[in-house]
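Colleague: I have a model open and want to learn how to read it. Could you take me through some features one by one?

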Amino acid sequence: MQKVIITAAISGAEVTKEHNPNVPYTVEEIVREAKSAYDAGASIIHLHVRKDDGTPTQDINRFKECIEAIKVECPDAIVQPSTGGAVGMSNEERIQPVNLSPEMATLDCGTCNFGGDEIFVNTENTIKEFGKKMIELNVKPEIEVFDKGMVDMAIRLNKKGFINDNMHFNFVMGVNGGISATYRDLMFMRESIPQNATFTVSGIGRAQFDMVALSVLLGGHIRVGFEDNVYMKKGVPASSNGELVKKAANIVRELGREVATPKEAREILGLEVNVLSTQEA
């Protein structure tokens, strides 16, 4: 069985220091959290960026600054910018970090409720636009799916040439308005993707470590981090993303699998090394 790739979603767009004071906003805090996760075994840093006051932004210059700073401390980490941004952002805002030609970026494949009146909008044309851009710049998409219909959308757009083969999915389990974080539903999602696809599982909130264990047992990869969960266990805030990654890595080893290095993660995902251009900003 393949080694397990650990992704650390270190900040997100919705979680704040009110939820956990260690949630990073500034470039220095982002680097601190990325390094803590990398040192604990994360090969992929899933990256949202903020202004210093915590406001989510998709500004290309902020991404460039953060990515370059992370690479100083974590030179072989795979830095995966989000194109989801925050609810209400335009396509033009959201796509900006892809123009830095990272190795990977996220590609959300459907619209879903995000609680209350918030709707995370991804029309078919948006997905096509983002997918085409990623193909042009040789950026591998991590296909974010919150429900089964989004898997079907990705497969259909793959057949139409908007998403390349050897797809890599991230099953986001337990979001209000998305698929629930249960064994039954994870099996349903796993059995719905192509044979040559790989998958990561992101459990939201208290489901995080249950989903870690289930994905490991089912041959998948895992994501943890403050974007999805800020607690080590009920009532105990995590001191860092690294603490969450360390717990996940221990689960991987206890269940008889090994944690992938960044080099091994690239081999599993079929990544070609893209050099971040210092000319684009």
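Colleague: Start with Lys 3. Is Lys 3 buried, partly exposed or exposed?

Modeller: First, the ground rules. This is a predicted model, where local features need pLDDT of at least 70, side-chain atom pairs count only at pLDDT 80 or more, and totals for chains, interfaces and linings use all residues. Residues are numbered from 1 along each chain as its sequence is written, and side-chain values use heavy atoms, with hydrogens and water left out. Buried means under 20% relative accessible area, exposed over 50%, and partly exposed in between (1.4 Å probe, protein chains only). Lys 3 has a relative accessible area of 28%, so Lys 3 is partly exposed.

Colleague: Which residue does the side chain of Lys 3 meet in a salt bridge?

Modeller: A salt bridge here is a side-chain nitrogen of Lys or Arg within 4 Å of a carboxyl oxygen of Asp or Glu. Lys 3 pairs with Glu 258, at 3.4 Å from N to O. Glu 258 sits in the loop between helix H8 (241-254) and helix H9 (262-269), and Lys 3 in the segment before strand E1 (6-9), so the bridge ties together parts 255 residues apart in sequence. Helices (H or I, at least four residues) and strands (E, at least two) are DSSP runs, numbered from the N terminus. Glu 258 is partly exposed too, at 49% relative accessibility.

Colleague: How many salt bridges are there by this rule?

Modeller: The count is 17. There is also a network of salt bridges, which links Glu 144, Arg 223, Glu 227 and Asp 228.

Colleague: What about pairs inside one helix?

Modeller: An α-helix has 3.6 residues a turn, so residues three or four places apart point the same way. Take Lys 35 and Asp 39: their closest N and O atoms are 2.7 Å apart. Both lie in helix H1 (residues 27-40), four residues apart, or about one helical turn. Lys 35 is partly exposed at 29%, while Asp 39 is exposed at 51%. In helix H5, Lys 148 and Asp 152 are likewise four residues apart. Their salt bridge is 2.9 Å from N to O.

Colleague: Now the inside. Which residues of helix H6 are buried?

Modeller: In H6 (residues 183-190), they are Asp 185, Leu 186 and Met 189. They cover an arc of only 100 degrees around the axis, so they lie on the same side of H6. The arc is taken from the directions from the helix axis to the C-beta atoms.

Colleague: What do the buried residues of H6 pack against?

Modeller: Contact means heavy atoms within 4.5 Å. The partners are strands E9 (140-145), E10 (168-173) and E11 (198-203), plus helices H5 (148-159) and H7 (208-217).
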